[in-house]
Amino acid sequence: MTVRLCDRHGCNEPGNCPAPKSPNSPDRWYFCMTHAGEYNRGWNYFEGLSAEEAAEREAAETRTADGYADPKHYAWAGSGDGSRSRDEMRALEVLQLEPDATFEDVRAAWRRMAKANHPDVRPGDKDAATRFQGVQAAYEVLRAAEDARTWKPA
Ligand SMILES: [Zn+2]
């Protein structure tokens, strides 16, 4: 078995964290844990995606994951037990939460961050508007995932 190296130039760590090259793209970078984190922090994954689109994508991904035996393709390598999808992990990052955050934590963080970045509170602030949109999309992703879990047949 060959070990794939991190795609970050000059890095010789194993690249075992797949990261989409752009939202909705099937092309992946393969980074080490450190560089995957760096890549994600510098990029608003949900930018340009409405909350509805984000929720729909999460629902579709959850459905697809159910159809395959190997969940590793979908699971973010840093997701602890691997039960969270890639989008969920990104959504948790947007809300500044840990992978094991409960849905109550999600709701609390979402309320706090949506309030802080709301266009009514920060009129004309483009960065805040982008953050607000990302926070809304992140919340919808986590809500869709929570619904999917709750409804999953035994
Ligand atoms: Zn690396």
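Predicted model: local features only at pLDDT ≥ 70, side-chain atom pairs only at ≥ 80, totals over all residues.
Residues are numbered from 1 along each chain as its sequence is written, and side-chain values use heavy atoms, without hydrogens or water. Local features need pLDDT of at least 70 and side-chain atom pairs count only at pLDDT 80 or more, while totals for chains, interfaces and linings use all residues.

The zinc ion has four protein donors: Cys 6 (SG), Cys 11 (SG), Cys 32 (SG) and His 35 (ND1). Donors are N, O and S atoms within 2.8 Å of the metal (3.2 Å for Na, K and Ca); water is not among the atoms, so sites may look incomplete. The spacing of the donors along the chain is C-x4-C-x20-C-x2-H. Cys 11 lies in the segment before strand 1 (17–20), and His 35 lies in helix 1 (residues 33–41), so this pair ties together parts that are 24 residues apart in sequence. Helices (H or I, at least four residues) and strands (E, at least two) are DSSP runs, numbered from the N terminus. The 4 donor atoms subtend angles of 103 to 116 degrees around the zinc ion, so the arrangement is tetrahedral. Four donors count as tetrahedral if all angles lie between 85 and 135 degrees. Cys 11 is buried, at 12% relative accessible area. His 35 is also buried, at 16%. Buried means under 20% relative accessible area, exposed over 50%, and partly exposed in between (1.4 Å probe, protein chains only).

The structure holds 3 aromatic pairs. The ring centres of Trp 29 and Phe 31 are 6.0 Å apart and their planes stand at 25 degrees, so the pair is stacked. Rings of Phe, Tyr and Trp (its six-membered ring) pair if their centres lie within 6.5 Å; planes under 30 degrees apart count as stacked, over 60 as edge-to-face and the rest as tilted. Trp 29 is partly exposed at 30%, whereas Phe 31 is buried at 7%. Trp 110 and Tyr 139 are also stacked, with centres 3.8 Å apart and planes at 10 degrees. Trp 110 belongs to helix 4 and Tyr 139 to helix 5 (residues 126–151), so the pair ties together parts that are 29 residues apart in sequence. Tyr 139 is buried, at 7%. Ring pairs link Phe 103, Trp 110 and Tyr 139 into a cluster.

The count of salt bridges is 6. Each is a side-chain nitrogen of Lys or Arg within 4 Å of a carboxyl oxygen of Asp or Glu. Asp 7 and Arg 4 form one of them, at 3.6 Å from N to O. Asp 7 is partly exposed at 28%, and so is Arg 4 at 45%. Glu 104 meets Arg 107 with the closest N and O atoms 2.8 Å apart. These two residues are 3 apart in helix 4 (residues 103–117), a separation of about one helical turn. Asp 125 and Arg 122 form a further bridge, at 3.0 Å. Salt bridges with shared partners join Glu 140, Arg 143 and Asp 147 into one network.

Asn 117 is found in helix 4. Its relative accessible area is 6%, so Asn 117 is buried. The side chain of Asn 117 makes a polar contact with that of Arg 131, at 2.9 Å. A polar contact is a pair of N or O atoms within 3.5 Å; within protein, one must be able to donate a hydrogen and the other to accept it, and residues adjacent in sequence count only if both atoms are side-chain atoms.

Conventions
Tetrahedral: all angles 85-135°; square planar, octahedral: opposite > 155°, others 65-115°.
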